[in-house]
Amino acid sequence: MLKSTWSGATRLMRGLFAAGLLAAGGVALAQPAGAPIRLLVGFPAGGGTDVIARTLAEKLKDELGTSVVVDNRAGAGGQIAAQALKAAPADGHTLFLSHDHSISILPLVVKNPGFDAARDFVPVAGFATFANALAVSGGTPAKSVSDYVAWVRKERGGKDTIGVPAPASIPEFLVKLIGAKYKIDVQAAPYRGSAPMLADMLGNQISAGIGSVPDFIENQKAGKIRVVAVIGDKRQAVLPQVPTFAELGLAGLEDLPYYGIFAPVGTPQPVIDRFGVALAKVLKMPDVRERLTAMGLSVDYMPQGQFAGRVRSYTQTWAQIIKNSGFQPQ
């Protein structure tokens, strides 16, 4: 009788493991072991964030022993992707690759974003910082911010539209700061990500845009657009000739945005730790570092605790900036 009971228990345990209901350390998973990891991205295919995600996903699959599928949930500056993360099971099979906007900025500028980043998500690890930049399209003769301002005054009657990848974003706040400093009437034109904004810049439908250096760098190298200013406390290594906004007299933009990975709250810690270890290994690969650096990223692995602190401090900085601007959540 004892032998029969033990055999039955053994078969049950084997069945549970086969179904993926038990994992290392007794952590319960809702999906089969080895199931693909879905890496949510809040912007369209072809943009800087999408390229970064696909670069990492290709290498992570080998480190994790399972495929990593990039899932573009474009729209509302990453809000749709963030809502998808909140709705996902906390089983380690759905993660969110995001920069600062979706996590730190959206909850400050949207009344009901459909998620609370501090309550609904857990930082997994950070992997880079980057700079936002002002770029002008090939349809303008401008080669500097002062050139652009002079062109707007002379050719546009002091008025122009500047594209931004998302509404109520840091790029949109930069548009306001530029208008106030140079006393020109510039309005932000929000897009659903950097890819459609760049398409309009390349087609000279808009004369300027503000986005991340990774969004602009390839077209900058090709001479199709010209980056004329970047945020940060120093010039970017990939754009050493381009001044910072601080050099031009716009202070307070020194804290660089971040990139990182987030998971639904409740995701088992062993799962988070395993992904963090894999990401750290991938970021040490020379070809990965070379590609990300060439895109304008400062690659800097931040483990969970450090990254969580970075997200908190960055959010606090921009909460104060947004409050001081008088902006009201919409």
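**View 1. Helix α8 (residues 194–202) and helix α9 (residues 213–221) have axes that come within 11 Å and cross at roughly 30°.** That angle makes α8 roughly parallel to α9 (under 35 degrees counts as roughly parallel, over 145 as roughly antiparallel, 65 to 115 as roughly perpendicular and the rest as oblique). The crossing of α8 and α9 is right-handed. From α8, the contact takes in Ser-194, Met-197, Leu-198, Met-201 and Leu-202, and from α9 Asp-215, Phe-216 and Asn-219; contact means heavy atoms within 4.5 Å. By class, the contact of α8 with α9 holds 5 nonpolar, 2 polar and 1 charged residues.

The model is predicted, and local features need pLDDT of at least 70, side-chain atom pairs count only at pLDDT 80 or more, and totals for chains, interfaces and linings use all residues. Residues are numbered from 1 along each chain as its sequence is written, and side-chain values use heavy atoms, with hydrogens and water left out.

Helices (H or I, at least four residues) and strands (E, at least two) are DSSP runs, numbered from the N terminus. Axes are lines fitted to C-alpha atoms, for helices over the stretch in contact, and angles run from 0 to 180 degrees between N-to-C directions.

**View 2. The axes of α2 and helix α10 (residues 269–283) come within 9 Å and cross at roughly 120°.** The two helices, α2 and α10, are therefore oblique to each other, and α2 passes α10 in a right-handed crossing. On the α2 side, the contact is made by Leu-56, Lys-59, Leu-60, Glu-63 and Leu-64; on the α10 side, by Arg-274, Phe-275, Ala-278, Leu-279, Lys-281, Val-282 and Leu-283. This contact of α2 with α10 has 8 nonpolar, no polar and 4 charged residues.

**View 3. The structure holds 1 cavity of 30 Å³ or more.** A cavity is a set of points on a 1 Å grid over the protein atoms alone where a 1.4 Å probe fits but cannot get out; a pocket is an open set with protein on both sides within 12 Å along at least five of seven lines; lining residues have an atom within 4 Å of a point. About 220 Å³ of space lies in the largest cavity. Its lining has 20 residues, with Phe-43, His-99, Asn-132, Pro-165 and Pro-171 nearest the centre. Two or more lining residues come from each of α2 (48–64), α4, α7 (170–182) and β8 (208–212); the largest share, 3 residues, is from α4. The lining of the largest cavity divides into 8 nonpolar, 10 polar and 2 charged residues.

**View 4. The second largest pocket holds about 270 Å³ of space.** Its lining has 14 residues, and Ile-103, Ala-117, Ala-118, Val-311 and Arg-312 are the closest to the centre.

Conventions
Grid points are joined across faces, edges and corners, and a volume is the space filled by probe spheres set on the points. A crossing is left-handed if the near helix is turned anticlockwise from the far one by less than a right angle, and right-handed if clockwise. Ala, Val, Leu, Ile, Met, Phe, Trp, Tyr, Cys and Pro count as nonpolar, Asp, Glu, Lys and Arg as charged, and the others, Gly among them, as polar.
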